[in-house]
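Subject: Structure handover

Hello,

Please find the structure below. Notes on what was found in it follow.

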Amino acid sequence: MASKFFVFGVALLDLLAFILAIVAEQRRSKATVEQDPNNGDSFCSYDADVATTYGIVALVFLLLSQAIIMVLSRCFCCGRPLPPGKHRAWSGICFIACWITFVIAEICLLAASVRNARHTKYFAPDQLSCETLRKGVFAAAAAFIFFTAILSELHYLLYSKAKNNFSGSSQGHSIGMTSF
């Protein structure tokens, strides 16, 4: 059966990544137009840039949890093959789905973090658009983190169940051949 220590550790990393993505959504940068008291020019003023840090840390936690699951399950393709059956089939489906949701979550986190940092750190003074990160990008990443967590845990549990159901011998499932 699956190691409870690793299942708990991966679930904890996924939970932390989910929470950090939600917090990053709440703390994304906001802009206000202000006037320079010296010359009267208008400029954009952005508040703190903590959402970028939260997004990158969530990205790292999700990457770490996915790496642990893939090492534990030998990336589903290395090592001894699993016996045919429903556990192997569902593990394969969860494997593919968790990689799809993982890639989408990582892209959302990375794009949102870069876009959020671009406006607060690399702002050109001649721009007066005061663009900010669109609402919901970190939240979309959090949703895909949630789906990735569920699918990767299911993949590992089904993989472990299929691996432990492997008898290793072919006796009893062969056709008996006798002479006439």
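What percentage of the residues in the chain is buried? Of the 180 residues, 34% are buried, where buried means under 20% relative accessible area, exposed means over 50%, and partly exposed is in between (1.4 Å probe, protein chains only).

This is a predicted model, in which local features need pLDDT of at least 70 and side-chain atom pairs count only at pLDDT 80 or more, while totals for chains, interfaces and linings use all residues. Residues are numbered from 1 along each chain as its sequence is written, and side-chain values use heavy atoms, with hydrogens and water left out.

Overall layout

The chain has four helices and two strands, taken as DSSP runs numbered from the N terminus (helices H or I, at least four residues; strands E, at least two). From the N terminus on, the order of the elements is α-β-β-α-α-α. Among contacts in the chain with a separation of 6 or more, 81% join residues 24 or more positions apart; contact means heavy atoms within 4.5 Å.

Helices α1 and α2

Helix α1 covers residues 4-26 and helix α2 residues 50-72; their axes come within 8 Å and cross at roughly 160°. Axes here are lines fitted to C-alpha atoms, for helices over the stretch in contact, and angles run from 0 to 180 degrees between N-to-C directions. The angle makes α1 roughly antiparallel to α2 (under 35 degrees counts as roughly parallel, over 145 as roughly antiparallel, 65 to 115 as roughly perpendicular, the rest as oblique). The crossing of α1 past α2 is left-handed, that is, the near helix is turned anticlockwise from the far one by less than a right angle; clockwise would be right-handed. By class, the contact of α1 with α2 has 19 nonpolar, two polar and one charged residues. The classes are nonpolar for Ala, Val, Leu, Ile, Met, Phe, Trp, Tyr, Cys and Pro, charged for Asp, Glu, Lys and Arg, and polar for the others, Gly among them. Residues of α1 in this contact include Phe6, Leu13, Asp14 and Val23, and those of α2 include Tyr54, Gly55, Phe61 and Ser65.

Val23 lies in α1 and counts as partly exposed, at 29% relative accessibility. Gln26 and Lys135 are 109 residues apart in sequence and 9.2 Å apart in space, C-alpha to C-alpha.

Helices α2 and α4

The axes of α2 and helix α4 (residues 137-164) come within 10 Å and cross at roughly 15°. This makes α2 roughly parallel to α4. Their crossing is left-handed. The contact involves Gln66 and Met70, among others, of α2, and residues of α4 including Thr148, Ser152 and His155.

Gln66, in helix α2, counts as buried at 2% relative accessibility. Leaving out residues up to four places away in sequence, Gln66 touches Cys98, Trp99, Phe102, Thr148 and Ser152.

Annotation

The unreviewed UniProt entry annotates residues 55-77, 89-112 and 137-159 as "transmembrane region"; such annotations may be inferred rather than shown by experiment, feature names are shortened, and positions are in the numbering used here. Residues 89-112 are 100% helix and 0% strand, with end C-alpha atoms 35 Å apart. Residues 137-159 are 100% helix and 0% strand, and their end C-alpha atoms lie 32 Å apart.

Regards
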